[in-house]
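Hi,

Here is the structure I said I would pass on. Have a look, and my notes follow below.

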Amino acid sequence: MTNPVIQVEGLRCSYGDFEAVRGVDFDVAQGELFGLLGTNGAGKTTTMEAVEGLRKATSGTVRVLGSDPLADRRAIRPRIGIMLQDSGFPGDLTVAEMVGFWRSTSSRTSDAASAIEALDLGHRRDVRIKQLSGGERRRLDLLLATLGKPEVLFLDEPTTGLDPESRLHVWEVVRGLLAEGTTVVLTTHYLEEAESLAERIAIMHAGRIAVAGRVSDVLARQPARIGFDVPAGFDVGVLPMLYGDVVHEPSGRVEVRTGELQRDLGELLDWARGDGRVLTGLRANHASLEDVFHAVRTDEKVTSR
Amino acid sequence: MILALSRTELTLLLRNKTAASLALAMPLLLGALLLVNDTSDWTLTITLQLVMMLGFTVYTTVTTSLVARRQDLYLKRLRTGEASDRVVVLGLLVPATALGLAQAVVLLGISRAAGAPLPDRPLLLVLAVVGGAAMCCAAGVVTSGITSTPELAQITTAPFFFALFGGALWTWASDTVDHRMLLVPGGQIAELVKAALGGATDNVVPATASLAAWTAIGAALAVRHFRWEPRT
């Protein structure tokens, strides 16, 4: 990778006896969005905190914009924005006061009024933060992290607890920053969020990266699915020879999990046409991140290439 | 940056009615009440006024507000910004300290108006006020580290708070002041006030040393045990 903005090598972090991160490596290139996914307790937030310079690694190296985020905190902080998974506000400040305060502690230049408008908080600017809804607080969170357009942005579960409309709004803001060249590291529980925003992802499990790569490559490694309703008097034996595995589900569906989607789908359609059958509820799709996630979670061996 | 932090912290302090009344009204009210009683012993009156200011406005306010900011996860947010850890903590200490110093001026002014003599050694009075404030800031930060909720601060602040008053009264009431009294926080404050108002100056050096030691040890403990996040 040419010119990585973030380099993580052999990162390990422990809390007392418990090792939360057990050897994590990844690079993030200038201007890309890197998605860090994983089950609860997989070590995503700990990894993020180490990269943000909020936590000391037990071993391994972290470089952000060429420097150590912990040792060179003073040099790096003006260039990055951090949105933690759970950080709070003093409830007695108003939205405008909080933004004004944060601006005055930042060396980046920014326009408070337009930042407040961009996150759709204009009508709430003089409201005390304790009166905001959860979604509004999260948008204020994002506003502060992105104030003055940082070069690198860390988003730890930015849309958790947001309604679908607010989530789309957040995605829009993130896409806008990406278009202007900001590098983003994002953790999320929502697979569609990673599918929609990330170029590359890593899925963490039990402190390690279980799968990593371009979203399309990660998906391609998982078998695709073909499904249809069980025809009357069906017997698996009547199906043509397929490359994939056929599962006759008790719910009355036939599911085929196959690495050869086009070939098997063709075989099935030829067979159905030859027999004059109608396959109701026919569906064929590539693996979703959900499938990959599930595979990781159930500890299936997923090799990363 | 430190100014921005302090200004915001002052706003928060004044908007919280409990904290504001504890930090502002209480010491002024009690300090003024002292004057209604017998004011023949100005050393006692001024000592109590200063100790009240240090205990309520500086020590208790610092402890309670740090715990409240931590519980709100606001401290955690401040750590994600550009300010260094040290600047963040100092910025949050400024308002309580400034309020305390302003109150000292007001209380001493009231006493003066009520007939208190001018101090013979005003610099020692300044030392008692400023050194006491520094010691109480350090103690407040340490106490915040062992206090999980703002409500619990009422309990966790009690030992140091009473040491301040007890030490001050012990020293004031003793004709011969020895090192035991000077080692108690409040004891050195009272001794410095005595000396400022014309008392003997033999103990000024050990009293100042004790004040500096409490501040230094407190600061060292504060740095080591400061907690940015609530215990989970």
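Helix 1 itself, residues 44-52 of chain A, is mostly covered, with nine of its nine residues buried. Among them are A:Met48 and A:Val51, but also A:Lys44, A:Glu49 and A:Glu52.

Bear in mind that this is a predicted model. Chain A has a mean pLDDT of 90, and 97% of its residues reach 70 or more. The stretch to watch is residues 300-305 of chain A, where pLDDT stays under 50. The model has nine contacts beyond four places in sequence for that stretch, but where pLDDT is low, the predicted coordinates should not be read in detail.

Next, a helix pair in chain A. The axes of helix 5 (residues 134-146) and helix 6 (residues 164-179) come within 11 Å and cross at roughly 5 degrees. Angles under 35 degrees count as roughly parallel, so that is how helix 5 and helix 6 of chain A run relative to each other. Helix 5 brings A:Gly135, A:Arg139, A:Leu142 and A:Thr146 to the contact, and helix 6 brings A:Ser166, A:Val170, A:Val173 and A:Leu177. By class, that makes four nonpolar, three polar and one charged residues.

Finally, the two chains: 19 residues of chain A and 20 residues of chain B make up their contact. On the chain B side, helix 1 (2-15) and helix 4 (74-78) each supply at least two residues, and helix 1 of chain B gives the most, with six. The chain B side divides into seven nonpolar, six polar and seven charged residues.

Cheers

Conventions. Residues numbered from 1 in each chain as written. Chains lettered and ligands numbered in written order. Predicted model: local features only at pLDDT ≥ 70, side-chain atom pairs only at ≥ 80, totals over all residues. Buried ≥ 20, exposed ≤ 12 C-beta atoms within 10 Å, placed from the backbone. Helix = DSSP H or I, 4+ residues; strand = E, 2+ residues; numbered from the N terminus. Axes fitted to C-alpha atoms, helices over the stretch in contact; angles between N-to-C directions. Parallel < 35°, antiparallel > 145°, perpendicular 65-115°, else oblique. Contact = placed C-beta atoms within 7 Å. Nonpolar A, V, L, I, M, F, W, Y, C, P; charged D, E, K, R; others polar. pLDDT = per-residue confidence, 0-100.
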